[in-house]
Amino acid sequence: MDRFYIPADTWNDEDLVLRGEEAHHCARVMRKQIKDEVEVFNGQGHWSRGEIVSLSKDEVHITARESGLSAPLVPTLTLGQAIPKGKNMELIVQKSVELGVAVIVPLTTAHTIVRLDDAEGERKREKWQRIALEACKQCGQNYLPQVAAPRSLGDWLEEREKSELSLMASLASDSRLFREVLRDVAAPPVSLTILIGPEGDFAPDEEEAARESGFEPVSLGDIVLRVETATLHVVGSIRYEFAS
């Protein structure tokens, strides 16, 4: 069943309405008709399946036949991600949504090749947020992750909300094996933050700052992984380990 998004601030169980791009996509691109069944969600767990009762290029009205509230995934995952070059950030955003990441924070570091001014950063954020939405629609995720504006690692470390558990992929010699750290956790943490660095890893002062902020360095093994591979390996392993 095709899925569409209604923002939480306009969600109304009595009258579900697609507007703007979502209405255009439903009526003009997908060519839906009156009496077609669709599913809608609001990005905060609420979903409904129902029937289209009226449509135009600007609005599509849906009557709900079945509704529910999806339970949020535990732990709540925040991903601090050094921005990789090329289109790899798009891949990371898409797959992170499929794996249930709740917040994605794009980061610049000493070894990050990509540099964005404020305007470029906002354009990128909007594009990554659209990719996150499309991934939610495709995979059935009813919680829409928030993609933050790109910022420096230092600024984020100073401003971030601390999680119950914070892990940093690291090449440092004193890093513990990732699987050992996960299996030493007695119960799934309510919140977990993952920090993934750039190609070439973090600069020494950045790693020290991350440790001081509460991040535990973890080793992903002897093979040095590409940035996007490391991210998906870490997020997928966490979901596997703490799946309910």
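A polar contact is a pair of N or O atoms within 3.5 Å, where one must be able to donate a hydrogen and the other to accept it. In this predicted model, such a polar contact of 3.5 Å joins the side chains of Glu51 and Arg65.

**Glu51 and its surroundings**

- Glu51 belongs to strand 4, and its C-alpha atom is separated by 7.4 Å from that of Arg65, a residue 14 places away along the chain.
- Once its neighbours within four places in sequence are set aside, Glu51 is in contact with Lys35, Asp36, Glu37, His61, Ile62, Thr63 and Arg65.

**Salt bridges**

- Side chains of opposite charge can pair when their charged atoms come close, and the structure holds 18 salt bridges.
- Arg49 and Glu66 form one of these salt bridges, with an N to O distance of 3.3 Å; the pair links distant parts of the chain, since Arg49 sits in strand 4 (residues 46–55) and Glu66 in strand 5 (residues 59–69), 17 residues apart.
- Through salt bridges that share partners, Arg3, Glu39, Arg49 and Glu66 are joined into one network.

**Helix 2 and its packing against helix 3**

- Two packed helices are described by the angle between their axes and the distance between the axes.
- For helix 2 and helix 3, the angle is about 35° and the axes are 8 Å apart, and the crossing is right-handed.
- From helix 2, the contact is made by Met89, Glu90, Val93, Gln94, Val97 and Glu98, while helix 3 contributes Lys127, Trp128, Ile131, Ala132, Ala135, Cys136, Gln138 and Cys139.
- These contact residues divide into nine nonpolar, two polar and three charged.
- The buried residues of helix 2 are Asn88, Met89, Glu90, Ile92, Val93, Ser96 and Val97, and they pack against strand 6 (76–82), strand 7 (101–108), helix 3 and helix 7 (227–242).
- Helix 2 is followed by Gly100, which has a positive phi, near 90°.

**A buried asparagine in a loop**

- Asn42 is placed in the loop between strand 3 (37–41) and strand 4, and at 5% relative accessibility Asn42 counts as buried.
- The side chain of Asn42 reaches the backbone nitrogen of Gly45 at 3.5 Å.
- Leaving aside neighbours within four places in sequence, Asn42 is in contact with Tyr5, Ile6, Pro7, Ala8 and Trp11.

**Backbone features in the loops**

- Most residues other than glycine have a negative phi, and most peptide bonds are trans.
- Arg31 has a positive phi of about 55° although it is not a glycine; Arg31 is found in the loop between helix 1 (20–29) and strand 3, and at 63% relative accessibility Arg31 is exposed.
- Lys35 also lies in the loop between helix 1 and strand 3; Lys35, again not a glycine, has a positive phi of about 85°, and its relative accessibility of 62% makes Lys35 an exposed residue.
- Val74 and Pro75 are joined by a cis peptide bond with omega of about 0°, and Pro75 is located in the loop between strand 5 and strand 6.

Conventions:
Residues numbered from 1 in each chain as written. Predicted model: local features only at pLDDT ≥ 70, side-chain atom pairs only at ≥ 80, totals over all residues. Heavy atoms only, no water. Salt bridge = Lys/Arg side-chain N within 4 Å of Asp/Glu carboxyl O. Helix = DSSP H or I, 4+ residues; strand = E, 2+ residues; numbered from the N terminus. Axes fitted to C-alpha atoms, helices over the stretch in contact; angles between N-to-C directions. Left-handed = near helix turned anticlockwise from the far one by under 90°. Contact = heavy atoms within 4.5 Å. Nonpolar A, V, L, I, M, F, W, Y, C, P; charged D, E, K, R; others polar. Buried < 20%, exposed > 50% of the residue type's maximum accessible area, 1.4 Å probe, protein only.
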